[in-house]
Amino acid sequence: MDALLKEIEDRHAALIALTQDLVRIPTLNPPGRHYRDICALVGERLGARGWDVQMVRAEGALGDSTQHPRWNVVCRLEGPHPGECVHFNSHHDVVAVGEGWTREPFGAELADGRIYGRGTCDMKGGLATSIIAAEAFADLNPGFRGAIEISATADEESGGYGGVAYLAERGFFDPARVQHVIIPEPLNKDRICLGHRGVWWAEIETKGHIAHGSMPFLGDCAVRHMGAVIAEMERTLFPLLAGRRTDMPIVPDGARQSTLNINAIHGGEPVQDESYTGLPSPCVPDRCTITIDRRFLIEEDIAEVKHEVTQMMERVRETRPDFRYEIRDLFEVLPTLTPQDAPIVRTVQDAVHAVMGKSAEFVISPGTYDQKHIDRIGRLKNCIAYGPGILDLAHQPDEWIGVDDMVDSAKVMALALHDLLG
Ligand SMILES: [Zn+2]
């Protein structure tokens, strides 16, 4: 065991270099750039070390196109003896860069023990960590039992349909093939994430009548109707949700309640592209839409979550003549929770204790991640998220990952492999 921990330390330069190589491929999603490049990098590296490599394009999946194909890579190393399979799944896509950076977003600059860049923390650092851990374990224990799998998958940031969902539908997470799954999302190196809250996304549309902007009394303004909806939301729905607390150990603490975000609002004329130099034209908007993002707790029922919004819309209707609206479902996922006595939970808990000398904290993620597909499509319950990186830095400007955190997490992952396959 000590030899394994030392081996990880000896590979810290390789861990940095691999993280930098991954970060320098700008796998922006949307639209889904360079997916094939990053899969090839992982596949060629592990293929050269004797792993079986499968490049899988999610043909026909949501988001897949000729211009932006949804590529995934699944690598498997079989030991000489039969046993269980431990799978590390990382998404390779990253979100938009956004404003406010002081570092080069895809430069992967190393400074003061941190690597900076979009995707360092979420989650190329975690991908690199799992690769180094698996390589070190396999090199020191060539006679291991069972198999190790590492996958780098597409589109987690946009729902995972061209990634883990596609693979799960094709049996890649069948309990007969894979028995343990670790998703190295950035949840902090001493925390084990057991699952996530539920999600309901919906589009709400208010309807009006188009007319000339100089004679609004001849039309019916859908934006004013939406204003009334948002006012009612402020008056009743937000306070209701804020008062609902859960026993789930969700982090950060603000997410221990039900939440709702208005992700977008659109009304009236569409925004013209930048090349248009004219003025807008005067019209009464005949439709206005908002996209709501409702995150719910394991104690809540999704039917009730939806019903609350309908009730709120009905309250608005009572105060406004001719008020018409529509609610369209976009996406929903039920909350997921792996039991604390699941084998992978106990193994990683012991490994965290051995490496860091303290008990791992159990947490639940405020948002969903690919565990939903492994659970629901793959029917595999023995799954956790565990990885280096500080959760709050995900999607932020100047995102970074600490090298020491990656090394510690790699030790935990290697010990977990040793425990399950050694
Ligand atoms: Zn992520």
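The protein chain splits into domain 1 (2–196 + 335–421) and domain 2 (198–269 + 281–332), with bounds that come from an automatic or database domain assignment. This is a predicted model, where local features need pLDDT of at least 70, side-chain atom pairs count only at pLDDT 80 or more, and totals for chains, interfaces and linings use all residues. Numbering starts from 1 along each chain, as its sequence is written.

**Domains**
- Taken over C-alpha atoms, the centres of domain 1 and domain 2 sit 36 Å apart.
- Where they meet, 9 residues of domain 1 are in contact with 11 residues of domain 2; contact here means C-beta atoms, placed from the backbone, within 7 Å.
- Strand β14 (residues 361–365) supplies the largest share of the domain 1 side, 3 residues.
- That side of domain 1 comes out as 7 nonpolar, 2 polar and no charged, with Ala, Val, Leu, Ile, Met, Phe, Trp, Tyr, Cys and Pro counted as nonpolar, Asp, Glu, Lys and Arg as charged, and the others, Gly among them, as polar.

**Helix pair α2 and α4**
- Helices (H or I, at least four residues) and strands (E, at least two) are DSSP runs, numbered from the N terminus.
- The axes of α2 (residues 12–23) and α4 (residues 120–140) come within 9 Å and cross at roughly 135°; axes are lines fitted to C-alpha atoms, for helices over the stretch in contact, with angles from 0 to 180 degrees between N-to-C directions.
- That angle makes α2 oblique to α4, since under 35 degrees counts as roughly parallel, over 145 as roughly antiparallel, 65 to 115 as roughly perpendicular and the rest as oblique.
- On the α2 side, the residues in the contact include L15, L18 and L22, and those they meet in α4 include L127, I131 and I132.
- By type, the α2–α4 contact residues are 9 nonpolar, 4 polar and 1 charged.

**A three-strand sheet**
- β4-β5-β16 is the order of an open sheet of 3 strands with antiparallel pairing; two strands pair if DSSP finds at least two bridges between them.
- β4 (110–111) and β16 (400–402) are the edge strands, each pairing on one side only.
- Between β5 (residues 114–116) and β16 there are 3 bridges, and Y116 has W400 in β16 as its bridge partner.
- α4 packs on this sheet too, touching β5 and β16, with its direction at about 45° to that of β16.

- P30 and P31 are joined by a cis peptide bond, omega about 5°, and P31 is in the loop between α2 and α3 (35–48).
- Another cis peptide bond joins D122 and M123, omega about -5°, and M123 lies in helix α4.
- A108 is not a glycine, yet has a positive phi of about 55°; A108 lies in the loop between β3 (81–91) and β4.

Methods:
Two residues are in contact if their C-beta atoms, placed from the backbone, lie within 7 Å.
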